[in-house]
Amino acid sequence: MKLKGDAREIYKKIVNYLKTEAKVKEAEEELKKFDLVSDRREILKRQKFVRDLMEKARKISFEELTKLSYFEFKKRFFEDRCYIAKDEEEYEKALKIGVCEVRFSPAPFTLLLNHDIEAEPKIEHLAPEIFVVPLLQNLHSLKLLSEIEKRVEGKEEVAKILEEVERVKELYERVREVEELETAVHEILVQLNERIEERLENVKITLSGKEILSLAEKAFEKIRDVIEEEVKAAEEKIYEKFGIYENVFTISYPIEVNEEKLRELKKKLEEKHAIDFYLACRRIVERYDLKSLNEKIRKYRSLALYKALQDFAFPEIGEELRIFRGRNLFIDNPQPIDYYLDERNRIAILTGANSGGKTSLLELVCQIVILAHMGLPVNAERAEIRVFDELFFFKRKKMSYGSGAFENTIKAFARAISSKGRKLILVDEFEAITEPGAAVKILKKILELIHSAGDYAIVVSHLGEELSKLDFVRVDGIEAVGLDENFRLIVNRQPVFGKIGKSTPELIVEKLRRTSKGREKEVYEKIAEAFYDIRR
(Lines give C-alpha, C1' and ligand atoms only; values in the text may rest on other atoms or scores of the structure.)
Protein backbone atom coordinates (compact mmCIF):
# COMPACT_ATOMS: atom_id res chain seq x y z
CA MET A 1 0.00 0.00 0.00
CA LYS A 2 1.25 3.46 -0.91
CA LEU A 3 1.09 6.34 1.56
CA LYS A 4 0.38 9.83 0.30
CA GLY A 5 0.34 13.24 1.97
CA ASP A 6 0.48 13.22 5.77
CA ALA A 7 -0.04 9.45 5.89
CA ARG A 8 3.75 9.07 5.64
CA GLU A 9 4.18 11.20 8.75
CA ILE A 10 1.65 9.06 10.62
CA TYR A 11 3.61 5.97 9.60
CA LYS A 12 6.85 7.44 10.99
CA LYS A 13 5.14 8.32 14.25
CA ILE A 14 3.75 4.77 14.55
CA VAL A 15 7.25 3.35 14.08
CA ASN A 16 8.65 5.73 16.71
CA TYR A 17 5.83 4.85 19.10
CA LEU A 18 6.49 1.10 18.79
CA LYS A 19 10.27 1.60 19.14
CA THR A 20 9.71 3.56 22.36
CA GLU A 21 7.27 1.03 23.77
CA ALA A 22 9.56 -1.90 22.92
CA LYS A 23 12.46 -0.31 24.88
CA VAL A 24 15.22 -2.01 22.84
CA LYS A 25 17.02 -0.97 19.65
CA GLU A 26 16.33 -4.33 17.96
CA ALA A 27 12.65 -3.36 17.58
CA GLU A 28 13.57 -0.82 14.88
CA GLU A 29 15.36 -3.49 12.82
CA GLU A 30 12.47 -5.90 13.34
CA LEU A 31 9.96 -3.32 12.11
CA LYS A 32 11.79 -3.16 8.77
CA LYS A 33 10.36 -6.59 7.98
CA PHE A 34 6.88 -5.08 7.82
CA ASP A 35 6.69 -2.84 4.81
CA LEU A 36 3.13 -1.97 3.79
CA VAL A 37 1.44 -4.39 1.39
CA SER A 38 -1.90 -4.59 -0.37
CA ASP A 39 -1.98 -8.35 -0.80
CA ARG A 40 -4.62 -9.99 1.39
CA ARG A 41 -2.79 -13.33 1.49
CA GLU A 42 0.49 -11.68 2.50
CA ILE A 43 -1.25 -9.74 5.28
CA LEU A 44 -2.82 -12.94 6.64
CA LYS A 45 0.53 -14.73 6.38
CA ARG A 46 2.19 -11.97 8.39
CA GLN A 47 -0.58 -12.04 10.98
CA LYS A 48 0.11 -15.71 11.62
CA PHE A 49 3.85 -15.02 11.86
CA VAL A 50 3.33 -12.14 14.31
CA ARG A 51 0.76 -14.06 16.35
CA ASP A 52 3.29 -16.85 16.95
CA LEU A 53 5.96 -14.37 18.04
CA MET A 54 3.53 -12.54 20.33
CA GLU A 55 2.82 -15.87 22.02
CA LYS A 56 6.55 -16.34 22.63
CA ALA A 57 6.91 -12.75 23.84
CA ARG A 58 4.30 -13.35 26.55
CA LYS A 59 6.75 -15.73 28.24
CA ILE A 60 9.40 -13.05 28.75
CA SER A 61 9.38 -9.76 30.68
CA PHE A 62 10.65 -6.43 29.37
CA GLU A 63 13.09 -6.39 32.29
CA GLU A 64 14.64 -9.69 31.18
CA LEU A 65 14.96 -8.52 27.58
CA THR A 66 16.71 -5.27 28.55
CA LYS A 67 19.14 -7.17 30.83
CA LEU A 68 20.01 -9.66 28.09
CA SER A 69 23.31 -8.25 26.79
CA TYR A 70 25.57 -9.28 23.92
CA PHE A 71 28.96 -10.99 24.28
CA GLU A 72 31.95 -9.00 23.03
CA PHE A 73 34.11 -11.39 21.01
CA LYS A 74 37.11 -9.12 20.42
CA LYS A 75 40.20 -10.37 18.62
CA ARG A 76 43.48 -9.83 20.46
CA PHE A 77 47.11 -10.94 20.20
CA PHE A 78 48.35 -13.74 22.51
CA GLU A 79 52.07 -13.50 23.24
CA ASP A 80 52.13 -16.82 25.13
CA ARG A 81 51.83 -19.02 22.03
CA CYS A 82 53.26 -19.70 18.61
CA TYR A 83 51.80 -21.52 15.64
CA ILE A 84 54.25 -23.75 13.75
CA ALA A 85 53.33 -23.75 10.06
CA LYS A 86 54.26 -26.71 7.86
CA ASP A 87 54.37 -24.76 4.60
CA GLU A 88 54.12 -21.30 3.11
CA GLU A 89 50.36 -21.52 2.45
CA GLU A 90 49.61 -22.47 6.05
CA TYR A 91 51.98 -19.78 7.26
CA GLU A 92 50.09 -17.09 5.35
CA LYS A 93 46.70 -18.31 6.60
CA ALA A 94 47.79 -18.36 10.25
CA LEU A 95 49.54 -15.01 9.93
CA LYS A 96 46.38 -13.44 8.47
CA ILE A 97 44.36 -14.56 11.50
CA GLY A 98 46.67 -12.36 13.58
CA VAL A 99 46.21 -13.70 17.10
CA CYS A 100 49.69 -15.14 17.80
CA GLU A 101 53.19 -15.44 16.34
CA VAL A 102 53.62 -17.78 13.38
CA ARG A 103 56.90 -19.56 12.63
CA PHE A 104 58.30 -22.51 10.68
CA SER A 105 60.36 -23.77 13.63
CA PRO A 106 59.75 -24.04 17.40
CA ALA A 107 60.37 -21.04 19.63
CA PRO A 108 60.39 -20.70 23.45
CA PHE A 109 56.68 -20.04 23.79
CA THR A 110 54.31 -21.48 26.36
CA LEU A 111 52.07 -23.01 23.70
CA LEU A 112 53.38 -24.51 20.47
CA LEU A 113 50.31 -24.90 18.28
CA ASN A 114 50.12 -27.30 15.37
CA HIS A 115 50.52 -30.83 16.67
CA ASP A 116 46.80 -31.35 17.30
CA ILE A 117 45.31 -29.10 14.61
CA GLU A 118 44.52 -31.34 11.68
CA ALA A 119 42.66 -28.93 9.42
CA GLU A 120 43.81 -25.48 8.30
CA PRO A 121 44.35 -23.00 11.15
CA LYS A 122 41.30 -21.10 12.42
CA ILE A 123 40.92 -18.42 15.06
CA GLU A 124 38.91 -20.90 17.16
CA HIS A 125 41.96 -23.20 17.24
CA LEU A 126 44.62 -20.58 17.78
CA ALA A 127 42.80 -18.48 20.38
CA PRO A 128 39.64 -20.18 21.68
CA GLU A 129 39.77 -17.92 24.74
CA ILE A 130 38.46 -15.08 22.55
CA PHE A 131 35.08 -16.83 22.51
CA VAL A 132 35.01 -18.37 25.99
CA VAL A 133 36.31 -15.51 28.16
CA PRO A 134 33.47 -13.09 27.18
CA LEU A 135 30.98 -15.75 28.35
CA LEU A 136 32.77 -16.01 31.68
CA GLN A 137 32.86 -12.23 32.02
CA ASN A 138 29.13 -11.98 31.24
CA LEU A 139 27.91 -15.16 32.91
CA HIS A 140 24.70 -13.46 34.04
CA SER A 141 23.62 -12.88 30.43
CA LEU A 142 24.50 -16.48 29.49
CA LYS A 143 22.38 -17.80 32.38
CA LEU A 144 19.50 -15.51 31.41
CA LEU A 145 19.76 -16.59 27.77
CA SER A 146 19.62 -20.22 28.88
CA GLU A 147 16.49 -19.59 31.00
CA ILE A 148 14.76 -17.71 28.17
CA GLU A 149 15.54 -20.43 25.61
CA LYS A 150 14.12 -23.12 27.91
CA ARG A 151 10.99 -21.10 28.60
CA VAL A 152 10.32 -19.88 25.06
CA GLU A 153 11.60 -22.72 22.87
CA GLY A 154 11.68 -25.66 25.28
CA LYS A 155 15.32 -26.21 24.21
CA GLU A 156 18.51 -26.58 26.24
CA GLU A 157 21.22 -25.80 23.70
CA VAL A 158 22.45 -22.77 25.65
CA ALA A 159 22.08 -24.68 28.92
CA LYS A 160 24.68 -27.19 27.68
CA ILE A 161 27.07 -24.38 26.77
CA LEU A 162 26.47 -22.81 30.18
CA GLU A 163 27.34 -26.09 31.88
CA GLU A 164 30.60 -26.36 29.92
CA VAL A 165 31.54 -22.74 30.59
CA GLU A 166 30.90 -23.04 34.33
CA ARG A 167 33.27 -26.02 34.39
CA VAL A 168 36.17 -23.89 33.18
CA LYS A 169 35.36 -21.01 35.53
CA GLU A 170 37.87 -22.24 38.12
CA LEU A 171 40.62 -22.48 35.50
CA TYR A 172 39.79 -18.96 34.34
CA GLU A 173 40.01 -17.66 37.90
CA ARG A 174 43.45 -19.23 38.23
CA VAL A 175 44.63 -17.51 35.06
CA ARG A 176 43.39 -14.19 36.39
CA GLU A 177 45.02 -14.81 39.77
CA VAL A 178 48.42 -15.29 38.11
CA GLU A 179 48.13 -11.72 36.83
CA GLU A 180 47.67 -10.65 40.47
CA LEU A 181 50.51 -12.83 41.81
CA GLU A 182 53.07 -10.07 42.41
CA THR A 183 50.53 -7.88 44.21
CA ALA A 184 49.37 -10.81 46.35
CA VAL A 185 52.95 -11.81 47.33
CA HIS A 186 53.85 -8.26 48.38
CA GLU A 187 50.65 -8.00 50.43
CA ILE A 188 51.62 -11.25 52.20
CA LEU A 189 55.11 -9.78 52.74
CA VAL A 190 53.71 -6.79 54.65
CA GLN A 191 51.59 -9.09 56.83
CA LEU A 192 54.60 -11.39 57.35
CA ASN A 193 56.88 -8.64 58.67
CA GLU A 194 54.11 -7.31 60.92
CA ARG A 195 53.53 -10.80 62.32
CA ILE A 196 57.25 -11.40 63.03
CA GLU A 197 57.54 -8.03 64.73
CA GLU A 198 54.59 -8.86 66.99
CA ARG A 199 56.12 -12.18 67.98
CA LEU A 200 59.60 -10.76 68.59
CA GLU A 201 58.19 -8.12 70.89
CA ASN A 202 57.14 -10.95 73.22
CA VAL A 203 60.50 -12.74 73.07
CA LYS A 204 62.37 -12.24 76.39
CA ILE A 205 66.02 -13.12 76.64
CA THR A 206 67.68 -10.27 78.41
CA LEU A 207 66.64 -7.56 76.06
CA SER A 208 63.42 -6.87 74.25
CA GLY A 209 62.77 -8.36 70.83
CA LYS A 210 63.40 -5.04 69.02
CA GLU A 211 66.73 -4.65 70.75
CA ILE A 212 67.74 -8.15 69.76
CA LEU A 213 67.41 -7.13 66.10
CA SER A 214 70.33 -4.78 66.46
CA LEU A 215 72.62 -7.42 67.94
CA ALA A 216 75.17 -9.41 66.03
CA GLU A 217 74.63 -12.51 63.94
CA LYS A 218 74.64 -14.74 67.03
CA ALA A 219 71.56 -13.02 68.39
CA PHE A 220 69.83 -13.41 65.02
CA GLU A 221 70.30 -17.18 65.19
CA LYS A 222 68.15 -17.23 68.32
CA ILE A 223 65.18 -15.76 66.50
CA ARG A 224 65.75 -17.56 63.17
CA ASP A 225 63.24 -20.25 64.13
CA VAL A 226 60.52 -17.63 64.54
CA ILE A 227 61.27 -16.13 61.11
CA GLU A 228 61.45 -19.51 59.36
CA GLU A 229 58.18 -20.58 60.94
CA GLU A 230 56.38 -17.45 59.76
CA VAL A 231 57.96 -17.61 56.27
CA LYS A 232 56.85 -21.21 55.91
CA ALA A 233 53.30 -20.27 56.92
CA ALA A 234 53.32 -17.42 54.38
CA GLU A 235 54.55 -19.68 51.58
CA GLU A 236 51.80 -22.18 52.41
CA LYS A 237 49.30 -19.36 51.87
CA ILE A 238 50.74 -18.83 48.41
CA TYR A 239 50.47 -22.56 47.75
CA GLU A 240 46.81 -22.59 48.87
CA LYS A 241 46.00 -19.64 46.61
CA PHE A 242 48.05 -20.53 43.52
CA GLY A 243 48.57 -24.31 43.80
CA ILE A 244 52.38 -24.22 43.53
CA TYR A 245 55.13 -24.11 46.16
CA GLU A 246 58.17 -21.86 45.79
CA ASN A 247 60.60 -20.16 48.21
CA VAL A 248 59.99 -16.52 47.33
CA PHE A 249 60.89 -14.94 50.70
CA THR A 250 64.39 -14.38 52.15
CA ILE A 251 65.25 -15.67 55.63
CA SER A 252 66.23 -12.29 57.03
CA TYR A 253 64.72 -9.39 58.82
CA PRO A 254 62.95 -7.53 57.60
CA ILE A 255 61.78 -10.25 55.23
CA GLU A 256 62.17 -9.44 51.53
CA VAL A 257 60.86 -10.93 48.28
CA ASN A 258 63.26 -12.83 46.09
CA GLU A 259 62.21 -11.18 42.83
CA GLU A 260 63.96 -13.75 40.65
CA LYS A 261 62.16 -16.60 42.42
CA LEU A 262 58.88 -14.67 42.08
CA ARG A 263 59.37 -14.36 38.31
CA GLU A 264 60.09 -18.09 38.09
CA LEU A 265 56.96 -18.84 40.09
CA LYS A 266 54.84 -16.62 37.86
CA LYS A 267 56.25 -18.27 34.72
CA LYS A 268 55.45 -21.74 36.04
CA LEU A 269 51.92 -20.70 36.92
CA GLU A 270 51.39 -19.06 33.53
CA GLU A 271 52.56 -22.15 31.71
CA LYS A 272 50.50 -24.52 33.85
CA HIS A 273 47.23 -22.56 33.87
CA ALA A 274 47.47 -21.13 30.35
CA ILE A 275 47.80 -24.60 28.83
CA ASP A 276 44.98 -26.03 30.97
CA PHE A 277 42.68 -23.13 30.17
CA TYR A 278 43.55 -23.12 26.46
CA LEU A 279 42.76 -26.84 26.12
CA ALA A 280 39.49 -26.45 28.06
CA CYS A 281 38.44 -23.57 25.81
CA ARG A 282 39.38 -25.59 22.71
CA ARG A 283 37.06 -28.39 23.78
CA ILE A 284 34.16 -25.94 24.10
CA VAL A 285 34.62 -24.14 20.76
CA GLU A 286 35.02 -27.44 18.93
CA ARG A 287 31.65 -28.65 20.27
CA TYR A 288 29.60 -25.44 20.09
CA ASP A 289 29.24 -22.43 17.81
CA LEU A 290 29.64 -19.70 20.43
CA LYS A 291 29.43 -16.90 17.86
CA SER A 292 25.78 -17.86 17.25
CA LEU A 293 24.89 -16.89 20.83
CA ASN A 294 24.70 -13.22 19.88
CA GLU A 295 22.26 -14.07 17.11
CA LYS A 296 20.08 -15.84 19.68
CA ILE A 297 20.24 -12.76 21.90
CA ARG A 298 19.25 -10.53 18.98
CA LYS A 299 16.33 -12.84 18.20
CA TYR A 300 15.01 -12.78 21.75
CA ARG A 301 15.54 -9.05 22.26
CA SER A 302 13.57 -8.43 19.06
CA LEU A 303 10.59 -10.10 20.78
CA ALA A 304 10.22 -6.81 22.68
CA LEU A 305 8.40 -5.46 19.60
CA TYR A 306 5.81 -8.21 19.81
CA LYS A 307 5.53 -7.69 23.56
CA ALA A 308 4.73 -4.03 22.90
CA LEU A 309 1.80 -5.24 20.72
CA GLN A 310 0.24 -7.41 23.44
CA ASP A 311 -2.73 -5.08 23.98
CA PHE A 312 -3.45 -4.80 20.24
CA ALA A 313 -5.86 -7.02 18.30
CA PHE A 314 -5.55 -8.61 14.87
CA PRO A 315 -8.09 -7.15 12.46
CA GLU A 316 -10.30 -9.23 10.21
CA ILE A 317 -9.38 -8.61 6.59
CA GLY A 318 -12.76 -8.06 4.92
CA GLU A 319 -14.66 -5.69 2.65
CA GLU A 320 -15.51 -2.91 5.12
CA LEU A 321 -13.74 -0.54 7.52
CA ARG A 322 -14.95 -1.07 11.08
CA ILE A 323 -13.25 -0.05 14.31
CA PHE A 324 -14.47 -1.03 17.76
CA ARG A 325 -13.02 0.84 20.74
CA GLY A 326 -10.01 2.16 18.86
CA ARG A 327 -7.39 4.09 20.87
CA ASN A 328 -5.31 6.87 19.31
CA LEU A 329 -1.63 6.00 19.89
CA PHE A 330 -0.55 9.63 20.04
CA ILE A 331 -2.88 10.64 22.91
CA ASP A 332 -2.41 9.83 26.58
CA ASN A 333 -5.36 7.96 28.04
CA PRO A 334 -7.55 8.35 24.92
CA GLN A 335 -11.29 7.78 24.86
CA PRO A 336 -12.03 4.53 22.94
CA ILE A 337 -13.88 5.25 19.68
CA ASP A 338 -16.14 3.20 17.39
CA TYR A 339 -16.28 4.11 13.71
CA TYR A 340 -17.12 2.50 10.39
CA LEU A 341 -17.45 2.83 6.63
CA ASP A 342 -19.14 0.19 4.45
CA GLU A 343 -20.47 -0.20 0.91
CA ARG A 344 -23.60 1.80 1.73
CA ASN A 345 -21.64 4.47 3.60
CA ARG A 346 -18.32 4.75 1.81
CA ILE A 347 -18.06 8.53 2.38
CA ALA A 348 -18.55 10.23 5.74
CA ILE A 349 -18.47 13.90 6.71
CA LEU A 350 -17.26 14.40 10.27
CA THR A 351 -18.62 17.54 11.90
CA GLY A 352 -18.66 19.04 15.36
CA ALA A 353 -16.99 21.07 18.05
CA ASN A 354 -13.55 22.58 17.69
CA SER A 355 -10.97 20.56 19.65
CA GLY A 356 -13.58 17.82 19.84
CA GLY A 357 -11.39 15.07 18.41
CA LYS A 358 -12.22 15.11 14.70
CA THR A 359 -8.59 15.26 13.59
CA SER A 360 -7.68 12.69 16.23
CA LEU A 361 -10.28 10.33 14.77
CA LEU A 362 -8.75 10.73 11.29
CA GLU A 363 -5.35 9.91 12.83
CA LEU A 364 -6.85 6.88 14.56
CA VAL A 365 -8.28 5.54 11.30
CA CYS A 366 -4.96 6.21 9.57
CA GLN A 367 -3.01 4.39 12.32
CA ILE A 368 -5.23 1.32 12.22
CA VAL A 369 -5.23 1.07 8.42
CA ILE A 370 -1.43 1.39 8.31
CA LEU A 371 -0.84 -1.23 11.03
CA ALA A 372 -3.24 -3.63 9.33
CA HIS A 373 -1.44 -3.28 6.00
CA MET A 374 1.87 -3.98 7.77
CA GLY A 375 0.40 -7.29 8.91
CA LEU A 376 0.46 -6.19 12.56
CA PRO A 377 -2.33 -6.11 15.15
CA VAL A 378 -4.08 -2.77 15.53
CA ASN A 379 -4.85 -0.39 18.39
CA ALA A 380 -8.48 -1.43 18.88
CA GLU A 381 -10.42 -4.15 20.67
CA ARG A 382 -11.75 -5.38 17.32
CA ALA A 383 -11.52 -4.24 13.73
CA GLU A 384 -12.36 -5.16 10.18
CA ILE A 385 -10.12 -3.67 7.52
CA ARG A 386 -10.69 -3.43 3.80
CA VAL A 387 -7.47 -3.83 1.78
CA PHE A 388 -6.49 -0.55 0.09
CA ASP A 389 -3.87 0.16 -2.54
CA GLU A 390 -3.36 3.78 -1.45
CA LEU A 391 -3.97 5.81 1.69
CA PHE A 392 -4.23 9.60 1.35
CA PHE A 393 -4.25 11.87 4.40
CA PHE A 394 -4.63 15.60 3.80
CA LYS A 395 -4.16 17.17 7.21
CA ARG A 396 -4.94 20.80 7.84
CA LYS A 397 -1.78 22.88 8.20
CA LYS A 398 -1.32 26.07 10.15
CA MET A 399 -1.32 29.11 7.85
CA SER A 400 -2.75 26.93 5.08
CA TYR A 401 -4.73 29.67 3.35
CA GLY A 402 -3.68 31.43 0.17
CA SER A 403 -3.67 30.74 -3.57
CA GLY A 404 -0.54 28.60 -3.37
CA ALA A 405 -2.03 26.34 -0.69
CA PHE A 406 -5.28 26.05 -2.65
CA GLU A 407 -3.50 25.15 -5.89
CA ASN A 408 -1.31 22.51 -4.19
CA THR A 409 -4.31 20.96 -2.44
CA ILE A 410 -6.36 20.75 -5.63
CA LYS A 411 -3.43 19.08 -7.39
CA ALA A 412 -3.12 16.56 -4.56
CA PHE A 413 -6.83 15.74 -4.80
CA ALA A 414 -6.58 15.34 -8.56
CA ARG A 415 -3.74 12.87 -8.18
CA ALA A 416 -5.63 10.95 -5.50
CA ILE A 417 -8.86 10.71 -7.47
CA SER A 418 -7.22 9.89 -10.81
CA SER A 419 -4.90 7.15 -9.51
CA LYS A 420 -5.93 3.55 -10.01
CA GLY A 421 -6.66 1.00 -7.30
CA ARG A 422 -8.64 0.95 -4.06
CA LYS A 423 -8.21 4.15 -2.06
CA LEU A 424 -8.99 5.56 1.37
CA ILE A 425 -8.94 9.38 1.44
CA LEU A 426 -8.85 11.28 4.73
CA VAL A 427 -9.32 15.06 4.59
CA ASP A 428 -9.06 17.56 7.45
CA GLU A 429 -11.02 20.81 6.84
CA PHE A 430 -10.68 21.40 3.11
CA GLU A 431 -12.57 24.71 3.45
CA ALA A 432 -9.70 26.22 5.43
CA ILE A 433 -7.80 26.91 2.18
CA THR A 434 -10.47 28.97 0.41
CA GLU A 435 -13.67 30.97 1.04
CA PRO A 436 -16.71 28.95 2.27
CA GLY A 437 -18.83 29.45 -0.88
CA ALA A 438 -16.15 28.10 -3.22
CA ALA A 439 -15.24 25.36 -0.74
CA VAL A 440 -18.80 23.93 -0.80
CA LYS A 441 -18.90 23.78 -4.59
CA ILE A 442 -15.45 22.24 -4.97
CA LEU A 443 -15.86 19.78 -2.12
CA LYS A 444 -19.22 18.56 -3.44
CA LYS A 445 -17.66 17.86 -6.83
CA ILE A 446 -14.64 16.11 -5.22
CA LEU A 447 -16.95 13.90 -3.15
CA GLU A 448 -18.97 13.01 -6.27
CA LEU A 449 -15.75 11.96 -8.03
CA ILE A 450 -14.63 9.88 -5.03
CA HIS A 451 -18.04 8.22 -4.93
CA SER A 452 -17.97 7.49 -8.67
CA ALA A 453 -14.54 5.88 -8.34
CA GLY A 454 -15.86 3.54 -5.63
CA ASP A 455 -13.36 4.86 -3.06
CA TYR A 456 -13.73 5.38 0.67
CA ALA A 457 -13.33 8.78 2.35
CA ILE A 458 -13.72 10.59 5.66
CA VAL A 459 -13.80 14.38 5.47
CA VAL A 460 -13.66 16.69 8.49
CA SER A 461 -15.71 19.78 7.72
CA HIS A 462 -17.85 22.51 9.23
CA LEU A 463 -19.99 22.42 6.07
CA GLY A 464 -22.17 19.56 7.28
CA GLU A 465 -25.47 21.29 6.50
CA GLU A 466 -24.49 21.97 2.90
CA LEU A 467 -22.90 18.55 2.26
CA SER A 468 -25.70 16.56 3.89
CA LYS A 469 -27.80 17.14 0.78
CA LEU A 470 -25.62 14.63 -1.09
CA ASP A 471 -27.52 11.34 -0.88
CA PHE A 472 -24.35 9.19 -0.95
CA VAL A 473 -22.77 10.95 2.04
CA ARG A 474 -23.29 10.17 5.74
CA VAL A 475 -22.79 13.10 8.11
CA ASP A 476 -21.52 12.26 11.62
CA GLY A 477 -21.22 14.64 14.54
CA ILE A 478 -19.07 15.18 17.64
CA GLU A 479 -20.59 17.54 20.18
CA ALA A 480 -19.43 19.47 23.22
CA VAL A 481 -21.88 19.24 26.11
CA GLY A 482 -20.54 21.95 28.42
CA LEU A 483 -17.57 23.34 30.34
CA ASP A 484 -15.82 21.75 33.30
CA GLU A 485 -14.66 23.55 36.47
CA ASN A 486 -11.50 24.67 34.63
CA PHE A 487 -13.57 26.06 31.74
CA ARG A 488 -12.42 23.36 29.35
CA LEU A 489 -14.85 21.88 26.84
CA ILE A 490 -16.52 18.66 27.93
CA VAL A 491 -16.71 16.63 24.72
CA ASN A 492 -18.02 13.17 24.00
CA ARG A 493 -15.50 12.25 21.33
CA GLN A 494 -17.57 9.33 20.06
CA PRO A 495 -19.25 10.55 16.85
CA VAL A 496 -23.01 10.22 16.54
CA PHE A 497 -23.66 8.55 13.18
CA GLY A 498 -26.01 10.36 10.81
CA LYS A 499 -26.24 13.54 12.91
CA ILE A 500 -24.61 16.91 12.24
CA GLY A 501 -22.39 17.91 15.15
CA LYS A 502 -22.70 21.40 16.54
CA SER A 503 -19.50 23.39 16.72
CA THR A 504 -20.93 25.09 19.87
CA PRO A 505 -19.08 28.42 19.51
CA GLU A 506 -21.26 29.75 22.37
CA LEU A 507 -19.30 27.53 24.77
CA ILE A 508 -16.04 29.10 23.64
CA VAL A 509 -17.51 32.56 24.14
CA GLU A 510 -18.83 31.51 27.55
CA LYS A 511 -15.35 30.27 28.50
CA LEU A 512 -13.85 33.64 27.53
CA ARG A 513 -16.59 35.55 29.39
CA ARG A 514 -15.97 33.63 32.62
CA THR A 515 -12.18 33.94 32.47
CA SER A 516 -12.02 37.66 31.56
CA LYS A 517 -12.29 40.89 33.56
CA GLY A 518 -13.20 44.52 33.03
CA ARG A 519 -14.20 45.81 29.63
CA GLU A 520 -13.15 42.61 27.84
CA LYS A 521 -15.68 40.72 29.96
CA GLU A 522 -18.37 43.18 28.94
CA VAL A 523 -17.53 42.59 25.26
CA TYR A 524 -17.85 38.81 25.65
CA GLU A 525 -21.18 39.25 27.44
CA LYS A 526 -22.49 41.28 24.48
CA ILE A 527 -21.30 38.59 22.04
CA ALA A 528 -22.98 35.89 24.12
CA GLU A 529 -26.30 37.69 23.81
CA ALA A 530 -26.17 37.00 20.06
CA PHE A 531 -26.53 33.28 20.66
CA TYR A 532 -29.64 33.80 22.74
CA ASP A 533 -31.13 35.96 19.95
CA ILE A 534 -30.38 33.22 17.42
CA ARG A 535 -32.10 30.62 19.58
CA ARG A 536 -35.21 32.79 19.93
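Predicted model: local features only at pLDDT ≥ 70, side-chain atom pairs only at ≥ 80, totals over all residues.
Visitor: Which residues have the most contacts inside the largest nonpolar core?

Guide: They are Leu 290, Tyr 306, Leu 391 and Leu 424, in a core of 106 residues. Helix α17, residues 358-374, gives the most to this core, with 11 residues. Apart from it lies another core, of 25 residues, including Ala 416, Ile 417, Leu 447 and Val 475. As background, nonpolar side chains in soluble globular proteins tend to be buried together.

Visitor: Why is Cys 366 called buried?

Guide: Buried means under 20% relative accessible area. Cys 366 has 0% relative accessibility, so Cys 366 counts as buried. Cys 281 is also at 0%, and therefore counts as buried.

Visitor: How many disulfides does a search of the whole structure find?

Guide: The search finds 0 disulfides. To count, a pair of cysteine sulfur atoms would have to lie within 2.5 Å.

Visitor: How do you know which residues of helix α5 line one face?

Guide: In α5, residues 88-97, the buried residues are Glu 90, Tyr 91, Ala 94 and Ile 97. Seen down the helix axis, they fall within an arc of 125°, so they line one face of α5.

Visitor: What covers the buried residues of α5, and what does the face turned away from them carry?

Guide: The cover includes strands β2 (81-84) and β3 (101-103), along with helix α6 (123-126). The face turned away from the buried side carries Glu 89 and Lys 96, which are exposed.

Visitor: What is found at the start of α5, and what follows the helix?

Guide: At the start, a side-chain oxygen of Asp 87 reaches to within 3.3 Å of the backbone nitrogen of Glu 89. The cut-off for a polar contact is 3.5 Å, so a pair within 3.3 Å meets the distance condition. After the helix comes Gly 98, with a positive phi near 70°.

Visitor: Is Ser 461 buried or exposed, and how do you know?

Guide: Its relative accessible area is 0%, so Ser 461 is buried. Ser 461 is found in the loop between β12 (456-460) and α20 (464-467). A polar atom of the Ser 461 side chain lies 2.9 Å from the backbone nitrogen of Leu 463.

Visitor: How many helices and strands does the protein chain have, and what share of its residues is buried?

Guide: The chain has 22 helices and 14 strands. Buried residues make up 47% of its 536 residues. Among contacts between residues at least 6 apart in sequence, 72% join residues at least 24 apart.

Terms used
Residues numbered from 1 in each chain as written. Heavy atoms only, no water. Core = buried A, V, L, I, M, F, W, Y, C linked by side-chain atoms within 4.5 Å. Buried < 20%, exposed > 50% of the residue type's maximum accessible area, 1.4 Å probe, protein only. Helix = DSSP H or I, 4+ residues; strand = E, 2+ residues; numbered from the N terminus. Arc of directions from axis to C-beta. Contact = heavy atoms within 4.5 Å. Polar contact = N/O pair within 3.5 Å; in protein donor to acceptor, adjacent residues only side chain to side chain.
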